[in-house]
Amino acid sequence: MRSAATEHLYKLPGGIRLPGFKAQSATGEVQEVSVPAELIISLRQHAGTAALPRVGVGDNVFKGQVVARADGQFSANVHASSSGTVTAIEPRPVPGRAADSAPCIVIATDGKDQALDTLAPITNPFAESAESL
């Protein structure tokens, strides 16, 4: 079975320019947004190769933890946006071309938004040795 050609759906010669309507958002107060119950994090962050998962289903993760490692020159490490439990690693729809999907890590958040314990911040990197950095 052959698919219909869809190349023409993705091109807008010259593009379009929409009004900004900035007054509507510039007058409102900044609001805090709660952590969603579920996070879907794409392992393909750009046009390059998808990152490789470093966690598995059932693993607990922390905000800032590397959950996938870059795979190749045009790839990027992927970090958890919040704390919780990995419930799936599977293809999911992602922004881009119609019907495009990418491998994703699904996290059921725990509501704690607990960050990964990390090293103390370096206040003056120029005073540190190359080995310590």
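This is a predicted model: local features need pLDDT of at least 70, side-chain atom pairs count only at pLDDT 80 or more; totals for chains, interfaces and linings use all residues.
1. Asp 100 and Arg 44 meet through their side chains in a salt bridge, with a distance of 3.0 Å from N to O. Asp 100 belongs to the loop between strand E6 (84-93) and strand E7 (101-109), while Arg 44 belongs to the loop between strand E1 (38-42) and strand E2 (52-53), so the pair ties together parts that are 56 residues apart in sequence. Asp 100 is partly exposed, its relative accessible area being 25%, and Arg 44 also counts as partly exposed, with a relative accessibility of 27%.

2. A salt bridge is also found between Lys 63 and Asp 113, whose closest N and O atoms are 3.1 Å apart. This pair links distant parts of the chain, for Lys 63 sits in the loop between strand E3 (60-61) and strand E4 (66-69) and Asp 113 sits in the segment after E7, 50 residues apart. Lys 63 is partly exposed at a relative accessible area of 34%, and Asp 113 is partly exposed at 27%.

3. The remaining pair to describe is Glu 90 with Arg 92, a salt bridge in which the closest N and O atoms are 2.7 Å apart. Glu 90 counts as partly exposed, with a relative accessibility of 31%.

4. On the sheet: three strands form an open sheet in the order E2-E4-E5, with antiparallel pairing. Its edge strands are E2 and strand E5 (78-79), each of which pairs on one side only. E2 and E4 pair in the antiparallel sense over 2 bridges; within this pairing, Leu 52 has Arg 69 of E4 as its bridge partner, and Pro 53 stands opposite Ala 68 in E4. E4 and E5 likewise pair in the antiparallel sense over 2 bridges, and here Ala 68 stands opposite Val 78 in E5.

5. On the core: the largest nonpolar core has 14 residues, and those with the most contacts inside it are Val 61, Val 67, Val 78, Ile 105 and Ile 107. E1, E4 and E7 each supply at least two residues of this core. Nonpolar side chains tend to be buried together in soluble globular proteins. If neighbours within four places in sequence are left aside, Val 67 is in contact with residues including Leu 52, Pro 53, Val 61, Val 78, Ala 80 and Ile 105.

6. On Ser 83, which deserves a separate look: where does Ser 83 lie in the chain? Ser 83 is placed in the loop between E5 and E6, and at 0% relative accessibility it counts as buried, so a reader will not find Ser 83 among the exposed residues. The side chain of Ser 83 is joined to that of Asp 110 by a polar contact of 2.7 Å, and the Ser 83 side chain also reaches the backbone nitrogen of Gln 114 at 2.9 Å. Beyond its neighbours within four places in sequence, Ser 83 is in contact with several residues, among them Val 61, Phe 62, Lys 63, Asp 113 and Gln 114; Lys 63 and Asp 113 are also the two partners of a salt bridge.

Conventions
Residues are numbered from 1 along each chain as its sequence is written. Side-chain values use heavy atoms; hydrogens and water are left out. A salt bridge is a side-chain nitrogen of Lys or Arg within 4 Å of a carboxyl oxygen of Asp or Glu. Helices (H or I, at least four residues) and strands (E, at least two) are DSSP runs, numbered from the N terminus. Buried means under 20% relative accessible area, exposed over 50%, partly exposed in between (1.4 Å probe, protein chains only). A nonpolar core is a set of buried Ala, Val, Leu, Ile, Met, Phe, Trp, Tyr and Cys residues joined through side-chain atoms within 4.5 Å. Contact means heavy atoms within 4.5 Å. Two strands pair if DSSP finds at least two bridges between them. A polar contact is a pair of N or O atoms within 3.5 Å; within protein, one must be able to donate a hydrogen and the other to accept it, and residues adjacent in sequence count only if both atoms are side-chain atoms.
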